[in-house]
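Hi,

Here is the structure I promised to pass on to you. Have a look at it first, and then read my notes below.

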Amino acid sequence: MSVGVLLLTHEAMGGALITAARHVLGKLPLPLDVIEVEPGSDPDTTLRDATLRARSLDGGDGVLVLTDLYGATPCNVAQRLPGLGVHMHCVSGLNLPMLLRVLNYPEQKLDQLAQTAASGGRGGIFVDHA
């Protein structure tokens with residue numbers, strides 16, 4: 001079994017990150033799905049969709065939900081999932097290094113994979129000292 005991964009992002013972002021991850025890695029080693037929230041979307045409809053998709057991704061080890069922006073609709077929806085019985089962790093600030101790090105550690109348990117996601121996201125940020 002493995003942790004499922006759900007990207008819950010603003011429009012076009014999640015799909016673009018999955019495309020980039022496939023380009024870098026080829027085969028994706030974890031079950032992965034994406035919900036892209038369009039402007040004006042109903043949060044309750046998004047929550048129902050996210051609940052169904054998270055449950056389908058959970059093979060018994062839980063779901064890691066990666067969101068792009070803390071406090072925005074995708075993250076707010078994700079934070080409501082545990083109240084609906086979804087075993088998950090949510091990590092916000094999604095970027096390509098975060099997603100790649102998660103996909104490179106498919107054997108990790110949910111708690112550890114959430115920490116790996118956060119460190120991967122932070123570790124992928126560099127400032128040019130020029």
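Let's start with a term you'll need: a salt bridge is a side-chain nitrogen of Lys or Arg within 4 Å of a carboxyl oxygen of Asp or Glu. Also, keep in mind that this is a predicted model, where local features need pLDDT of at least 70 and side-chain atom pairs count only at pLDDT 80 or more, while totals for chains, interfaces and linings use all residues. Residues are numbered from 1 along each chain as its sequence is written, and side-chain values use heavy atoms, with hydrogens and water left out.

So, how many salt bridges does the structure hold? There are 3.

One of them joins the side chains of D49 and R53, at 3.0 Å from N to O. These two sit 4 residues apart in helix α2, so about one helical turn separates them. (Helices are DSSP runs of H or I with at least four residues, strands are runs of E with at least two, and both are numbered from the N terminus.) D49 is partly exposed, with a relative accessible area of 26%. For that word, the cut-offs are: buried is under 20% relative accessible area, exposed is over 50%, and partly exposed is in between, using a 1.4 Å probe and protein chains only.

R53 also forms a salt bridge with D33, and here the closest N and O atoms are 3.2 Å apart. R53 lies in helix α2 and D33 in strand β2 (residues 32-37), so this pair ties together parts that are 20 residues apart in sequence. Both ends are partly exposed: R53 has a relative accessible area of 25%, and D33 comes out at 23%. What do the shared partners do here? They join D33, D49 and R53 into one network.

Next comes D44, which pairs with R80 in a salt bridge whose closest N and O atoms are 3.4 Å apart. D44 belongs to helix α2 and R80 to the loop between α3 (73-78) and β4 (88-92), so the pair links parts that are 36 residues apart in sequence. D44 is partly exposed at 37% relative accessibility, and R80 is partly exposed at 40%.

Last, find T46 in helix α2 (residues 43-57). Is T46 buried or exposed? Its relative accessibility is 9%, so T46 counts as buried. Leaving aside residues up to four places away in sequence, T46 touches L8, I35, V37, S41 and V77, where a contact means heavy atoms within 4.5 Å.

Cheers
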